[in-house]
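User: I am new to reading protein structures and would like to learn how to go from a single residue to the whole chain. Could you show me the structure and guide me through it?

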Amino acid sequence: MIGKRKYIHASAARVAMRASRPKGLRARLKHFAADERGTNAIEFVIAAPFFLTLMFGMITLLDTQNMTTQGGKVSSTVADIVAQSTLVNREIIDATLNAGEAIMGARASQLQLYVAGININDDGEARVLWARGKNLSSLTLPAIGSIYPLAPALLNNRGFIVTSKARIEHRPLFGSGDDWSYWLGSNRLKAESHTYDYENSYVPREDLITNCSDC
């Protein structure tokens, strides 16, 4: 009896549902226009791409800004530390380069870095006295005795400076080029790597020159 009652109630519900459906094309269209079910989902589908693009763009922008801050800090810190000594060697310089690499944290693999001692003579030529680098690939270590391309403002200051240059090859977040090509189906839509260079120079703190004994 219980099972039969449930069947009767279910049948009655289906009959009532069928009776409530509009009959005729005009009635159906009128019912469709008045039906507001699912309107929130439609609004979400329309607005979601815009807000997702905005969110991913802000995250990428903040990530790039953070990387820029770290790159400038690395270059400045390395040159500043070395310029505080009157005499350095490979061990001291390597430890300083390692400290600069530690500032980058998870981005250390993207960092290329060197530090060099530059002498500016009376003729305004900046020549390399010593240089030491780490993880150099696209960034070239200055050759000893070569002319170093300093900014004109620095060439006006005769004497010795310690300069450090950092290069970071940064790829934006949310996919490499292969990832974008796979999902978008086009080789033209790729997140390419960008190269950022940061250079800072300091005069020696304790003496007129900072020498390297074994560079």
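Analyst: Let us begin with threonine 96, which lies in helix α4; helices (H or I, at least four residues) and strands (E, at least two) are DSSP runs, numbered from the N terminus. This is a predicted model, in which local features need pLDDT of at least 70 and side-chain atom pairs count only at pLDDT 80 or more, while totals for chains, interfaces and linings use all residues. Residues are numbered from 1 along each chain as its sequence is written, and side-chain values use heavy atoms, with hydrogens and water left out.

User: Is threonine 96 buried or exposed?

Analyst: Buried means under 20% relative accessible area, exposed over 50%, and partly exposed in between, with a 1.4 Å probe and protein chains only. Threonine 96 has a relative accessible area of 6%, so it counts as buried.

User: Which residues does threonine 96 touch?

Analyst: A contact means heavy atoms within 4.5 Å. Leaving aside residues up to four places away in sequence, threonine 96 touches Val78, Ile81 and Val82.

User: How should I read a nonpolar core, and which residues touch the most other members of the largest one?

Analyst: A nonpolar core is a set of buried Ala, Val, Leu, Ile, Met, Phe, Trp, Tyr and Cys residues joined through side-chain atoms within 4.5 Å. The largest one here has 20 residues, of which Ile93, Leu111, Leu113, Val115 and Trp130 touch the most other members. At least two residues of this core come from each of α3 (39–83), α4 (90–104), β2 (111–120) and β4 (159–170), and the largest share, five residues, is supplied by α3. Apart from this core lies another, of eleven residues, including Ala116, Ala126, Leu139 and Tyr148.

User: Where does leucine 54 lie, and why does it not count as buried?

Analyst: Leucine 54 lies in helix α3, and because its relative accessible area is 45%, it is classed as partly exposed.

User: What can we say about the chain as a whole?

Analyst: The protein chain has six helices and six strands, which follow the pattern α-α-α-β-α-β-β-α-β-α-β-β along the sequence. Of its 215 residues, 28% count as buried. Among the contacts in the protein chain with a separation of 6 or more, 71% join residues 24 or more positions apart.
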